[in-house]
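Let's take a walk through a protein model together. Have a look at the picture first, and then we'll go through it piece by piece.

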Amino acid sequence: MHRTKVKVLEDVLDANGTLAAANRADFDRHSVTVVNFMSAPGAGKTTLLERALTGLEGVRSAVLEGDVQGSLDADRIASLHVPVTQINTDPGFGGECHLDANMVRSAIPSLPLDEIDLLVIENVGNLVCPAEFRVGEDYRVMVSSVTEGEDKPLKYPLMFRACDLVLVNKVDLLPHLEFDLEKFLHHLDAVHPGVDRLLVSAKTGQGINAWRDWLVTAATREHAGV
Amino acid sequence: MHELSIASAVVATAERHAEGRRTTVVRLRVGRLRQVVPESLEFYFGFVTEGTVCEGARLELEVVPGRLACSDCAHEWELDAPAFWCPACASSAVTVIAGNELEVESIEVEEEACIAPR
């Protein structure tokens, strides 16, 4: 018996990347723009979707809800008459902390791709893991709420660098917090210089029109498969 | 927590290249810019190798430092704090040239000694 070294040089997440590309091709073929929507738990993803998806001019949307357990978020979206599909990442106990390309792939047959222009994939609430796994999206949007502290871009640079738009939520609370908005934006620009950002409040409606406009612009872009 | 998924992916990659041979070492290169906790990855690696050709294998992790390059002034530097703009000319047109790795570099497998016919 002797030992042999075998060169591998293979990206560990190649398999996920291949599935993500297949998902992307399916979405492009149906001219559906896909947004991977991420944040820490409780940052306000579902409320921001409830606010935005009810008034999308000329854009037909659907939501794919990723949660460890339950369908609380999906029920909220469904009550707005927006088609919603639930993925639970919990196979019995524990549950995955993120969606991966394979989970999204398995949900594609139940998505009404022919009837929509925009699919928002609401990822599992988590600032670390979802950033590592592409699922076939066109855009990545993250929510960072002002109750989370201004140091978050420095602590989770991968997530803040991976996204195309940052929604700074709960700005209505700024007068009551010690959150230094300038400092937060400075940290954001250190990690991801010039990334698009919107100051929003799902509660008061501040910035919601701009968030909706961003979604409409994203949903009406040209698709590779068309 | 995604280290469990990553450990599974590492083992799947190693198994494919092992082609059934018992594997004693798996060498992994992890970039500093990836949010992978080595201790956590090693912990899960022990779990997910059970019942595979990698059972009992040693996981060797090489951490690759983050390196950035400026597209405007060609300056190159090692990233030691999360600041993605050029320290020489303050440009934000920077590209990551190292630190995003997450790859199985090599594995060591056991093979029957090849006995040449007399």
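Start with two helices in chain A: helix 2 and helix 8 are roughly perpendicular to each other. Keep in mind that this is a predicted model. How do we get to that description? Helix 2 covers residues 45-53 and helix 8 covers residues 208-219, and the two pack at an angle of about 75 degrees. Angles of 65 to 115 degrees count as roughly perpendicular, so that's the label this pair gets. Their axes are 9 Å apart.

Which residues make the contact? On the helix 2 side of chain A you'll find A:Leu48, A:Arg51 and A:Ala52, while helix 8 of chain A brings A:Ile208, A:Trp211, A:Arg212 and A:Leu215. Sorted by class, this contact has five nonpolar residues, two charged ones and no polar ones.

Leaving out residues up to four places away in sequence, A:Leu48 touches A:Val143, A:Leu167, A:Asn169, A:Val200, A:Ala202 and A:Trp211. In soluble globular proteins, nonpolar side chains tend to be buried together.

Next, let's see where the two chains meet. Here 29 residues of chain B are in contact with 29 residues of chain A. The largest share of chain B's side, 10 residues, comes from strand 6 of chain B. By class, that side of chain B has 15 nonpolar, eight polar and six charged residues.

What does strand 6 of chain B pair with? One partner is strand 1 of chain A, joined to strand 6 of chain B in the antiparallel sense over eight bridges. In this pairing, A:Asp11 stands opposite B:Glu103. Strand 6 of chain B also pairs with strand 1 of chain B, again antiparallel, over seven bridges; there, B:Val25 has B:Glu108 as its bridge partner.

Put together, these strands belong to an open sheet of four, in the order 1(A)-6(B)-1(B)-2(B), with mixed pairing. Strand 1 of chain A and strand 2 of chain B each have a single partner strand, so they stand at the edges. Finally, helix 1 of chain B lies across strand 1 of chain A and strands 1 and 6 of chain B, running at about 45 degrees to strand 6 of chain B.

Technical notes: Residues numbered from 1 in each chain as written. Chains lettered and ligands numbered in written order. Predicted model: local features only at pLDDT ≥ 70, side-chain atom pairs only at ≥ 80, totals over all residues. Contact = placed C-beta atoms within 7 Å. Axes fitted to C-alpha atoms, helices over the stretch in contact; angles between N-to-C directions. Parallel < 35°, antiparallel > 145°, perpendicular 65-115°, else oblique. Nonpolar A, V, L, I, M, F, W, Y, C, P; charged D, E, K, R; others polar. Pairing = 2+ DSSP bridges.
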